[in-house]
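Please look through the structure below with its charged side chains in mind. The numbered points that follow are meant as a colleague's reading notes on how some of them pair.

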Amino acid sequence: MELFLVMLPLLLYYIIFSLFRLGYQKRDKCCYMISYECHKASEDQILDPRSSAKVISRNKNLGVEEYKFMLKTMVSSGIGEGTYGPKSIIDGREESATIVDDISEMDDIIFDTLDKLFAKTGVSPSEIDIIVSSVSLFSPAPSLTARVINRYKMREDTKAFNLSGMGCSASVVAVDLVNQLFQTYENSLAIVISTESMGSNWYSGKDKSMMLSNILFRIGGCSMLLTNSRKWKNKALLELTCSVRTHIGSHDEAYYSCFQIEDDLGKKGFRLNKDLPKAGAKALNINLRVLVPKVMPFSVMLRYYISHYGNKIMGRSIPKGAGPGLDLKAGIDHFCVHPGGRAIIDEVGQSLALSDYDLEPARMALYRFGNTSSGGLWYVLGYMEAKKRLKKGDKILMISLGAGFKCNNCVWKVMRDLDDQNVWQDCIDHYPPKTFPNTFSKILSKVNDESLNFVSIEDYLP
């Protein structure tokens with residue numbers, strides 16, 4: 001008994017010390033976004049109506065039916081006339097693109113954004129501890145991260161990771177990977193590169209479900225600088241507070257909804273089928289069930305559960321358009337939705353009961369830059385920042401959907417008022433525009449004769 005009384009203070013001390021250490025370790029885990037840079041291609045890569053018409057007209061596999069389908073989709077896609085295409089496509093090499101074209105395309109995007117990132121932050125490439133690239137459709141040897149390490153002469157102990165085949169949601173996957181690595185490597189600096197290889201993956205066939213990728217996807221990308229060192233806290237833009245990854249690839253209809261394949265003519269492309277909206281809605285729903293309780297105030301969640309189970313007991317159904325059944329804006333201030341296409345943005349907006357103001361950044365990013373795959377979220381974020389919407393303490397929910405099928409979402413906390421003009425600086429004052437002119441709607445009205453034996457869609461340009 002006396003021995004127990006002697007040991008009791010030591011036991012209590014050990015318990016208190018262990019709890020204190022656990023709390024300190026948890027508090028010390030952090031992931032800060034120091035800065036990010038989006039890519040803006042050169043003026044000679046703009047896919048305006050006339051250059052788009054040249055690209056379309058070169059595809060001799062298309063008939064009137066395919067032309068009309070493409071035109072209708074372009075009119076309703078939500079994409080403007082100032083987006084950017086790969087140089088190999090602009091130059092007419094869509095069926096003969098080489099690995100040199102692929103590497104040149106990646107170099108233009110990656111080195112442009114990294115050069116600007118290092119210049120803006122004052123961080124030397126030799127200080128980088130971790131580098132992650134997320135490019136789905138191009139995986140050369142040596143790898144893209146090796147190419148970066150060679151270009152900037154980085155240290156021998158730099159930890160490099162290359163993500164491929166992850167689709168449009170790869171950017172959040174890469175950020176989550178860095179955050180996991182930060183749990184092991186203290187006081188580290190990490191770079192995340194998110195872009196996509198478009199040139200050699202241009203589709204030259206006539207399968208309608210594969211033609212969609214040509215209409216939606218455009219050149220773009222982003223590089224980000226992250227750290228878990230608290231000395232950067234006062235200079236950081238954002239702090240990662242929560243990240244949830246959902247994968248429903250075990251369901252065949254979801255797995256095959258976005259698929260790289262060859263058509264009946266042997267033309268390689270990316271198929272987007274009718275199961276895609278259903279797969280996206282399912283993955284988003286599963287993801288939010290895990291993420292929302294982590295970011296919403298306790299009082300809001302309590303009211304939701306009382307209402308939810310009350311309705312269940314009473315047999316009452318939840319009204320359509322009620323989103324997830326609670327007001328997400330009680331815990332989230334801004335919604336960074338992947339600009340994958342007008343239908344995707346509208347579907348997410350309806351599911352979460354978001355307003356036009358909430359969806360404006362995604363719609364404008366889609367209109368100005370198109371679907372830039374995994375880099376798209378950062379053009380949306382850039383729009384919010386350029387519009388001076390992001391204030392200290394605000395919470396941003398990033399929503400990304402990608403092949404697999406995956407939904408990867410995360411929440412950022414704004415560390416200070418943000419107002420960088422970034423990649424939007426030459427046009428932000430004109431957004432959102434009062435009207436959205438679309439030359440292809442005029443062309444579509446003229447291509448109305450099924451027996452028409454036209455030679456080139458350029459003939460229909462005003």
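1. Arginine 58 is partly exposed, with a relative accessibility of 30% (buried means under 20% relative accessible area, exposed over 50%, and partly exposed in between, using a 1.4 Å probe and protein chains only). This is a predicted model, in which local features need pLDDT of at least 70 and side-chain atom pairs count only at pLDDT 80 or more, while totals for chains, interfaces and linings use all residues. Residues are numbered from 1 along each chain as its sequence is written, and side-chain values use heavy atoms, with hydrogens and water left out.

2. Arginine 58 forms a salt bridge with glutamate 94, their closest N and O atoms being 2.9 Å apart (a salt bridge is a side-chain nitrogen of Lys or Arg within 4 Å of a carboxyl oxygen of Asp or Glu). Glutamate 94 lies in the loop between helix 4 (87-90) and helix 5 (99-121), and arginine 58 in the loop between helix 2 (49-57) and helix 3 (64-76), so the pair ties together parts that are 36 residues apart in sequence (helices are DSSP runs of H or I with at least four residues, strands are runs of E with at least two, and both are numbered from the N terminus). Glutamate 94 is buried, at 11% relative accessible area.

3. Lysine 329 and aspartate 358 also meet in a salt bridge, at 2.7 Å from N to O. Here lysine 329 is partly exposed at 38%, whereas aspartate 358 is buried at 7%.

4. By the rule given above, the count comes to 20 salt bridges.
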